[in-house]
Amino acid sequence: MDNPPYQTRPHSSGSRPVSLVQRLSQEFETSRVPEGFMAVSGDLASTMVAPHIPRGGHTAVPPSGELPTAEQVALDNETKRVPSSDEQTIAAEPVESTGTEKERRPLKHTKSFDNGYHFPPKYPKGEATKQALKSFWKFFITPMGFFWTIYGLNVVAWGGMLFLLLLNAAPAMCYPSCDDIDSPRRKWVEWDSQILTALFCVTAFGLAPWRFRDWYYLLKYRIMGDFDGLRKLAGIHKSWFRLKGSEELAVDVGPDNIPEGVPREVIPMPEKNTPNAPLTGTRAPATAVWKLDLVIWSMVTNTFAQCGLCGVMWGMNRFDRPSWVTGFLVAIACIIAMVGGYVMFLEGKKVKSIEGVPCNDRDLEKLARDKELGLRHWNNIKDKKPKEKKVKDVEKA
């Protein structure tokens with residue numbers, strides 16, 4: 001039988017670009033916002049101060065790719081000889097002597113968790129500093145770490161120079177006067193401002209697609225009443241945001257374990273972005289939605305302010321440009337971004353202090369060693385005695 005004159009070509013090659021675009025589009029819809037300079041700085045600082053907390057605030061994933069459950073953490077703690085009884089794992093205070101040996105009464109707010117979890121211990125300053133330098137070096141030798149380090153040094157250097165020029169710290173540049181438009185001081189102020197404007201564009205415009213995506217989901221929820229928009233945002237910002245009702249979920253519910261009967265309005269979209277099961281066995285309370293509003297609007301406003309700053313700096317020359325406009329836009333862009341980042345930092349810290357942070361082998365070994373030496377560790381994220389006000393609040397609860 002002769003071959004037909006025309007053969008049907010497979011559609012796989014032609015549809016491959018389309019499927020790739022669709023896959024990238026779907027991943028972008030729920031991808032985590034890339035970290036800006038301030039977020040990277042905060043994450044790196046927290047890692048250097050507390051080396052046991054992974055960068056980004058996520059649980060360290062073992063080689064198998066599965067995340068540890070609260071029960072597995074409890075088992076690890078027991079096998080690593082982490083103290084488990086009240087007298088051995090919690091801080092205690094002596095009761096007034098009654099002529100016999102002093103009794104030790106455990107404080108309610110420092111009792112060990114039911115699953116045996118213990119927060120990582122606090123390290124001496126020398127050891128913590130050494131570990132911080134190692135953490136920074138590991139970050140620096142990565143492509144993004146090298147980029148953000150050079151970027152940060154440029155921002156600090158040019159920003160510091162501009163600050164000193166505004167304070168008239170170089171009198172030799174004030175010729176014929178400090179405010180003369182043709183003086184070296186005014187020229188360097190202009191050059192510094194132009195360079196800083198370009199540097200700020202990296203984060204303001206580089207993160208714009210993710211910022212406007214979050215803004216779109218937020219407007220869908222606020223204006224159209226689409227609750228799925230809020231669920232998608234909860235998955236994107238799972239490191240610090242919790243949906244209403246999620247605090248009532250079972251402690252073993254996580255991205256790989258979502259029973260059929262669980263209400264979907266308390267689970268982020270997609271389900272794979274569900275927060276991991278809390279290591280402490282206690283879930284953080286729901287986050288106020290207005291805080292999510294504040295964060296998203298802050299980031300979007302930062303991008304809009306940068307657009308205005310670019311228009312003023314690059315659309316007008318230094319002879320005609322009003323100086324107050326530049327100062328106003330720079331202040332708005334910086335302050336509003338810092339407000340949004342600070343809210344994320346506070347809420348993320350709150351979630352970690354309730355749901356726990358992962359312990360590595362080094363932490364578990366120190367807890368076991370200190371237990372043998374009779375050294376006690378407060379079972380909280382700071383490894384410090386809580387303030388009296390917090391103690392009373394917990395005892396009342």
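1. Pro 270 is placed in the loop between helix H9 (227–236) and H10. In this predicted model, the peptide bond that joins Met 269 to Pro 270 is cis, its omega being near -15 degrees.

2. A cis peptide bond also runs from Tyr 175 to Pro 176, with omega near 0 degrees. Pro 176 belongs to the loop between H6 and helix H7 (184–206). The loop between H6 and H7 also holds Asn 168. Although Asn 168 is not a glycine, its phi is positive, at about 55 degrees. When the loop between H6 and H7 is inspected, Asn 168 and Pro 176 may be viewed together.

3. The next point concerns helix packing. Helix H10 (residues 289–315) packs with helix H11 (residues 323–355) at an angle of about 155 degrees, and their axes are 8 Å apart. Because an angle over 145 degrees counts as roughly antiparallel, H10 is described as roughly antiparallel to H11. The crossing in which H10 passes H11 is left-handed. As for composition, the residues of the contact of H10 with H11 comprise 17 nonpolar, seven polar and two charged.

4. The volume of the largest cavity is about 100 Å³. Which residues line the largest cavity? The lining consists of Ala 234, Phe 241, Arg 242, Leu 243, Ser 246, Leu 249, Val 266, Pro 268, Thr 274, Pro 275, Arg 283 and Glu 355. Sorted by class, the lining of the largest cavity has seven nonpolar residues, two polar residues and three charged residues. Arg 242, Arg 283 and Glu 355 are among the residues of this lining, and Arg and Glu are counted as charged. Ala 234 lines the largest cavity and falls within the residue range of H9 (227–236). Glu 355, also in the lining, is the residue at which the range of H11 (residues 323–355) ends.

5. Phe 147 and Tyr 151 are separated by about one helical turn, because they stand four residues apart in helix H6 (residues 143–166).

Technical notes: Residues are numbered from 1 along each chain as its sequence is written. This is a predicted model: local features need pLDDT of at least 70, side-chain atom pairs count only at pLDDT 80 or more; totals for chains, interfaces and linings use all residues. Side-chain values use heavy atoms; hydrogens and water are left out. On a 1 Å grid over the protein atoms alone, a cavity is a set of points where a 1.4 Å probe fits but cannot get out, and a pocket is an open set with protein on both sides within 12 Å along at least five of seven lines; lining residues have an atom within 4 Å of a point. Grid points are joined across faces, edges and corners, and a volume is the space filled by probe spheres set on the points. Axes are lines fitted to C-alpha atoms, for helices over the stretch in contact, and angles run from 0 to 180 degrees between N-to-C directions. Helices (H or I, at least four residues) and strands (E, at least two) are DSSP runs, numbered from the N terminus. Angles under 35 degrees count as roughly parallel, over 145 as roughly antiparallel, 65 to 115 as roughly perpendicular and the rest as oblique. A crossing is left-handed if the near helix is turned anticlockwise from the far one by less than a right angle, and right-handed if clockwise.
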